[in-house]
Amino acid sequence: EIAGQPDDNAEVDVTIGAGAASTTTTAGDLTVTGNLSVTGTDHVGITHASIWRLTTNTEGNHTPLASNLEEDDTYGNGTIGSSMTESSGIFTFPVTGYWLVTATHKGFNADGADDESTYVGMFLSVTTNGEAGSPTYSTAAAAFSYLPEMYTGAAASTSQKIIDVTSTTNVKVRFEVLCEDVDAWTEGSTEINTTHFTFIRLGDT
């Protein structure tokens, strides 16, 4: 309910529901006095977020990582909204929208001093024709770590991509491991997030 017709620079009193008074200005500001409840899905905020991970160490190249994947389920884990689904390494979004996808890869040498210097990392690949019999994946983001000779530690790399998911049947993602030396390994764990993938819905497409 709008009280009166405003001039160009005037304020307008608006009544929402049973007596929750508010004022809006020509600049677009809205001030609400009282309680204002909003229902439905058309509101600002993150509606979906989840983290997946590799659960065990794996050697060499993978196109894509297709097994030993799970959603984070330990130590106070939390998700928002419906989770991603995964089948043979292919991740499907639960709803359309703009999604921020982050891929974190943790690699290490197999035998430390016995290995030569090498690199290992991960591609974040996207398809927009995932419903096809043979969908085409393109590398959308990549990050690699260098593992020096005689290096016995691990190294991590991270890449990100904002993906416009216009269709949950066509737009899908997968993660591919590439290493210079097949003795390089990708680290996984069932308890902590080492090699892992984060999916956050930012807003409507």
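Which residue forms a salt bridge with Lys 106? Glu 187 does, with the closest N and O atoms 3.5 Å apart. The views below come from a predicted model.

**View 1. The salt bridge between Glu 187 and Lys 106.** Glu 187 sits in the loop between strand 15 (185-186) and strand 16, while Lys 106 belongs to strand 10, so the pair ties together parts that are 81 residues apart in sequence. Glu 187 is buried, at 18% relative accessible area. Lys 106 is partly exposed, with a relative accessibility of 26%. Side chains of opposite charge can pair when their charged atoms come close. The whole structure contains 6 salt bridges.

**View 2. A network of salt bridges around Arg 53.** Arg 53, Glu 70, Asp 72 and Asp 73 are its linked members. Arg 53 meets Asp 72 at 3.1 Å, N to O. Arg 53 lies in strand 5, whereas Asp 72 lies in the loop between strand 7 and strand 8; the two are 19 residues apart and link distant parts of the chain. Both Arg 53 and Asp 72 are buried. For Arg 53 the relative accessible area is 1%.

**View 3. The salt bridge from Arg 53 to Asp 73.** Here the closest N and O atoms are 3.0 Å apart. Asp 73 is in the loop between strand 7 and strand 8 and Arg 53 in strand 5, so this pair ties together parts that are 20 residues apart in sequence. How accessible is Asp 73? Asp 73 counts as partly exposed, at 46% relative accessibility. Arg 53, in contrast, is buried.

**View 4. The largest nonpolar core.** This core has 27 residues. Phe 93, Phe 175, Phe 197 and Phe 199 have the most contacts inside it. Which strands each supply at least two residues of this core? They are strand 5 (49-54), strand 10 (97-108), strand 11, strand 12, strand 13 (154-165), strand 14 (172-179) and strand 16 (196-203).

**View 5. The surroundings of Phe 175.** Neighbours within four places in sequence are left aside here. Phe 175 is then in contact with aromatic residues including Phe 91, Phe 123, Phe 197 and Phe 199. Its other contacts include His 62, Pro 64, Leu 65 and Met 122. Val 101, Ala 103 and Leu 124 also touch Phe 175. Of these partners, Phe 197 and Phe 199 are among the residues with the most contacts inside the largest nonpolar core.

View 6. Pro 64 is found in the loop between strand 6 (58-59) and strand 7 (69-71). Pro 64 is also one of the contacts of Phe 175.

**View 7. Positive phi at Asn 68 and Tyr 75.** Asn 68 is not a glycine, yet its phi is about 55°. Asn 68 is placed in the loop between strand 6 and strand 7. Asn 68 is partly exposed, with a relative accessible area of 42%. Tyr 75 also has a positive phi, near 55°. Tyr 75 lies in the loop between strand 7 and strand 8 (85-87). Is Tyr 75 buried or exposed? Tyr 75 is exposed, with a relative accessible area of 64%.

**View 8. A nonpolar patch on the surface.** Tyr 119, Phe 144, Tyr 146 and Leu 178 form this patch. Together they have about 370 Å² of accessible area. Tyr 146 is part of strand 12 (residues 138-147). Tyr 146 is exposed, at 53% relative accessible area.

**View 9. Thr 118 and its contacts.** Thr 118 is in strand 11 (residues 118-127). Thr 118 is buried, with a relative accessible area of 1%. Beyond neighbours within four places in sequence, Thr 118 is in contact with Ser 145, Tyr 146 and Leu 147, among others. Further contacts include Asn 109, Glu 180, Asp 181 and Ala 184.

**View 10. Confidence, and residues 1-6.** The protein averages a pLDDT of 85, and 78% of the residues score at least 70. Over residues 1-6, pLDDT stays under 50. The model has 8 contacts beyond four places in sequence for residues 1-6. Where pLDDT is low, the predicted coordinates should not be read in detail.

Conventions:
Residues are numbered from 1 along each chain as its sequence is written. This is a predicted model: local features need pLDDT of at least 70, side-chain atom pairs count only at pLDDT 80 or more; totals for chains, interfaces and linings use all residues. Side-chain values use heavy atoms; hydrogens and water are left out. Patches are made of residues with over 30% relative accessible area and no salt bridge: like charges are joined within 9 Å, nonpolar side chains (Val, Leu, Ile, Met, Phe, Trp, Tyr) within 5 Å. Accessible areas come from the Shrake-Rupley method with a 1.4 Å probe; for residues, only the protein chains shown count as cover. A salt bridge is a side-chain nitrogen of Lys or Arg within 4 Å of a carboxyl oxygen of Asp or Glu. Helices (H or I, at least four residues) and strands (E, at least two) are DSSP runs, numbered from the N terminus. Buried means under 20% relative accessible area, exposed over 50%, partly exposed in between (1.4 Å probe, protein chains only). Contact means heavy atoms within 4.5 Å. A nonpolar core is a set of buried Ala, Val, Leu, Ile, Met, Phe, Trp, Tyr and Cys residues joined through side-chain atoms within 4.5 Å. pLDDT is the predictor's confidence in each residue, from 0 to 100.
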